[in-house]
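Please examine the sequence and the structure shown below.

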Amino acid sequence: MHRRALMRGALGVAGTSLFGTFAKADVAPRTLALLNLHTGESLKAPYFEAGRYLPDALAAMNRVLRDHRTGEAHPMAPGLLDLVTTLSRTFGTSQSVQVISGYRSPKSNAALHKASNGVATRSLHMEGEAMDIRIPGVELANLRDAALRLQRGGVGFYPASDFVHVDVGRVRRW
C-alpha cells in the first residue's frame, strides 16, 4: 500500500509540473498576421493576452476572414487562429499568412460544391473552423507536413491550387 501511495504522489508532482508548463504556455500572448487574397485586406493583431482572447481583435479577424462572395462574417474558432499562429511560428516568418478562404456562407459553399466535387457539402468553413492558407517563402509540402505533425484537425493538400486546408475538426488528411 505504501508503494502505491508513493507512486500516486510522484505522478501527482509530475502532473503538476507538466500542468504548470502548459499553463504558462497557455497565457503567452498570441499575434497573427493575415492577408485575405480576395479582398486585399490585411491585419496583424494580438488576439490573445493575459490568458484570454481579446473580443475586439477576434471581431477584426472575423471581418478579414469573412466570405468575400457575400460579405458575410462569422465568428472564427479561436482554436483555428491558434493553429494558424502555431504554423506561422513554426517557420519563424514575419510574412502574413495568405488566406484563400476563411468563412464560407452556406450559399457560397453550395455554389462551390455544385461547381466542384472537391468542396464538402458540410464544410467546416461554414462553421468558422477551417482556412485555406499558404505562407510566403514556405514550400506548400512543408506547410502540409507541419500541420499534419500538429495533429489538431484536418489537413488537405492542394498543390495545383497552391494552398493547404487546415481545420479544427477531427484529425484526418487528404
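Helices (H or I, at least four residues) and strands (E, at least two) are DSSP runs, numbered from the N terminus. The model is predicted, so local features need pLDDT of at least 70 and side-chain atom pairs count only at pLDDT 80 or more, while totals for chains, interfaces and linings use all residues. Residues are numbered from 1 along each chain as its sequence is written, and side-chain values use heavy atoms, with hydrogens and water left out.

The burial terms used here rest on relative accessible area: buried means under 20%, exposed over 50%, and partly exposed in between (1.4 Å probe, protein chains only). R30 counts as buried because its relative accessibility is 11%. Although 51 residues separate R30 from L81 along the chain, their C-alpha atoms are 9.2 Å apart. The side chain of R30 also makes a polar contact, at 3.1 Å, with the side chain of D82. A polar contact is a pair of N or O atoms within 3.5 Å; within protein, one must be able to donate a hydrogen and the other to accept it, and residues adjacent in sequence count only if both atoms are side-chain atoms.

Because D82 lies in helix 3 (residues 78–90) and R30 in strand 1, the pair ties together parts that are 52 residues apart in sequence. D82 is buried, since its relative accessible area is 13%.

Another salt bridge connects D132 with R104, where the closest N and O atoms are 3.5 Å apart. This pair links distant parts of the chain, 28 residues apart: D132 is in strand 5 (residues 130–134), and R104 is in the loop between strand 4 (97–101) and helix 4. Both D132 and R104 are buried. A further salt bridge is formed by D145 and R144, whose closest N and O atoms lie 2.9 Å apart. D145 counts as partly exposed because its relative accessibility is 27%, whereas R144, at 19%, counts as buried.

What elements do the buried residues of helix 5 pack against? Helix 5 spans residues 140–150, and its buried residues are L140, L143, R144, A146, A147 and L148. They pack against helix 3, strand 5, strand 6 (154–158), strand 7 and strand 8 (172–173). In an α-helix there are 3.6 residues a turn, so residues three or four places apart point the same way.

Helix 5 is followed by Q151, which has a positive phi of about 55 degrees although it is not a glycine. Q151 sits in the loop between helix 5 and strand 6 and counts as exposed because its relative accessible area is 51%. A50 is likewise not a glycine and has a positive phi, of about 50 degrees. A50 is placed in the loop between strand 2 (42–49) and strand 3 (52–53), and its relative accessible area of 74% is why A50 counts as exposed.

The next topic is the spaces within the model. On a 1 Å grid over the protein atoms alone, a cavity is a set of points where a 1.4 Å probe fits but cannot get out, and a pocket is an open set with protein on both sides within 12 Å along at least five of seven lines; lining residues have an atom within 4 Å of a point. Grid points are joined across faces, edges and corners, and a volume is the space filled by probe spheres set on the points. The structure holds 1 cavity of 30 Å³ or more, and the volume of the largest cavity is about 40 Å³. Its lining consists of N36, R66, D67, H68, R69, I100, S101, G102 and Y103.

The largest pocket holds about 490 Å³ of space. Of the 25 residues in its lining, R104, G118, H125, Y158 and H165 lie nearest its centre. Strand 4 and strand 7 (163–167) are the elements that give two or more residues to this lining, and strand 7 supplies the largest share, 3 residues.

Key
Salt bridge = Lys/Arg side-chain N within 4 Å of Asp/Glu carboxyl O. Contact = heavy atoms within 4.5 Å.
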